[in-house]
Amino acid sequence: MAYTWEPKWEVFEVDLEGIKFKTCRDRITGLIACPVCIHAASKCLGEKPPFNYVYENAYFYTVEDLLEHMKGYHLLGLKKRTAKLAEKLREED
Ligand SMILES: [Zn+2]
């Protein structure tokens, strides 16, 4: 992947085993982007870019790879955050 790669995003709908969501796919390479990492809502779904968003680059060749990434990377992070929050709430009791 060249450093100067400029994705041409199009809307791509994931529909696999009951999991349905929209994200962006590059028209040229066919790479599917992680909707969380690139903030798909503003990249290709017509919404305004959020303020202070930490963008990351995460692109995948298959929907399966994307879902693995989301499960491992985002759900794990979410679990850690909720565990921390639960701990904090206990301390405040
Ligand atoms: Zn991601």
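## A cysteine and its contacts

Leaving aside residues up to four places away in sequence, Cys-34 touches Ala-58, Leu-66, His-69 and Met-70. Two residues are in contact here if their C-beta atoms, placed from the backbone, lie within 7 Å. The structure is a predicted model, in which local features need pLDDT of at least 70, side-chain atom pairs count only at pLDDT 80 or more, and totals for chains, interfaces and linings use all residues. Residues are numbered from 1 along each chain as its sequence is written.

Cys-34 also belongs to the largest nonpolar core, which has eleven residues. A nonpolar core is a set of buried Ala, Val, Leu, Ile, Met, Phe, Trp, Tyr and Cys residues joined through C-beta atoms within 7 Å. A residue is buried if 20 or more other C-beta atoms lie within 10 Å of its own, exposed if 12 or fewer, and partly exposed in between, with C-beta atoms placed from the backbone. Besides Cys-34, the core holds Phe-12, Cys-24, Ile-32, Ala-33, Ile-38, Ala-40, Cys-44, Tyr-59, Leu-66 and Met-70. Strand S3 (32-33) and H2 are the elements that give two or more residues to this core.

## Overall layout

The protein contains two helices and four strands. These are DSSP runs numbered from the N terminus: H or I of at least four residues for helices, E of at least two for strands. Read from the N terminus, the order of elements is β-β-β-α-β-α.

The radius of gyration of the protein is 16 Å, whereas a compact globule of 93 residues would have a value near 12 Å. This radius is taken over C-alpha atoms, and the globule rule is 2.2 Å times the number of residues to the power 0.38. Along its principal axes, the C-alpha trace spans about 55 × 35 × 25 Å. Of the 93 residues, 16% are buried. Among contacts with a separation of 6 or more, 32% are between residues 24 or more positions apart.

S1 and S2 pair in the antiparallel sense over eight bridges. Two strands count as paired if DSSP finds at least two bridges between them. Val-11 has Cys-24 in S2 as its bridge partner, and Phe-12 has Thr-23 in S2. Phe-12 and Cys-24 are both members of the nonpolar core.

Glu-17 is exposed, because 7 other C-beta atoms lie within 10 Å.

Glu-10 is in strand S1 and counts as exposed, with 10 C-beta neighbours inside 10 Å. Not counting residues up to four places away in sequence, Glu-10 touches Cys-24, Arg-25, Arg-27 and Cys-44. Glu-10 and Glu-47 are 37 residues apart in sequence, and their C-alpha atoms are 14 Å apart.

Leu-16 also lies in strand S1. Leu-16 has 11 C-beta neighbours inside 10 Å and therefore counts as exposed. With residues up to four places away in sequence left out, Leu-16 touches Val-63 and Leu-67. Leu-16 and Thr-4 are twelve residues apart along the chain, with 32 Å between their C-alpha atoms.

Asn-52 lies in the loop between helix H1 (40-43) and strand S4 (59-60). Phi of Asn-52 is near 60°, which is positive in a residue other than glycine. Asn-52 is exposed, since 4 other C-beta atoms lie within 10 Å.

## Helix H2

Helix H2 covers residues 63-92, and at 1.5 Å a residue its 30 residues should span 44 Å. The expected span is 1.5 Å times one less than the number of residues. The end C-alpha atoms of H2 are 42 Å apart, which agrees with that expectation.

H2 has a kink of about 25° centred on Met-70. The bend at a residue is the angle between axes fitted to the seven residues ending there and the seven starting there. Met-70 is one of the core residues and one of the contacts of Cys-34. Two of the 30 residues of H2 are buried, so the helix lies largely in the open.
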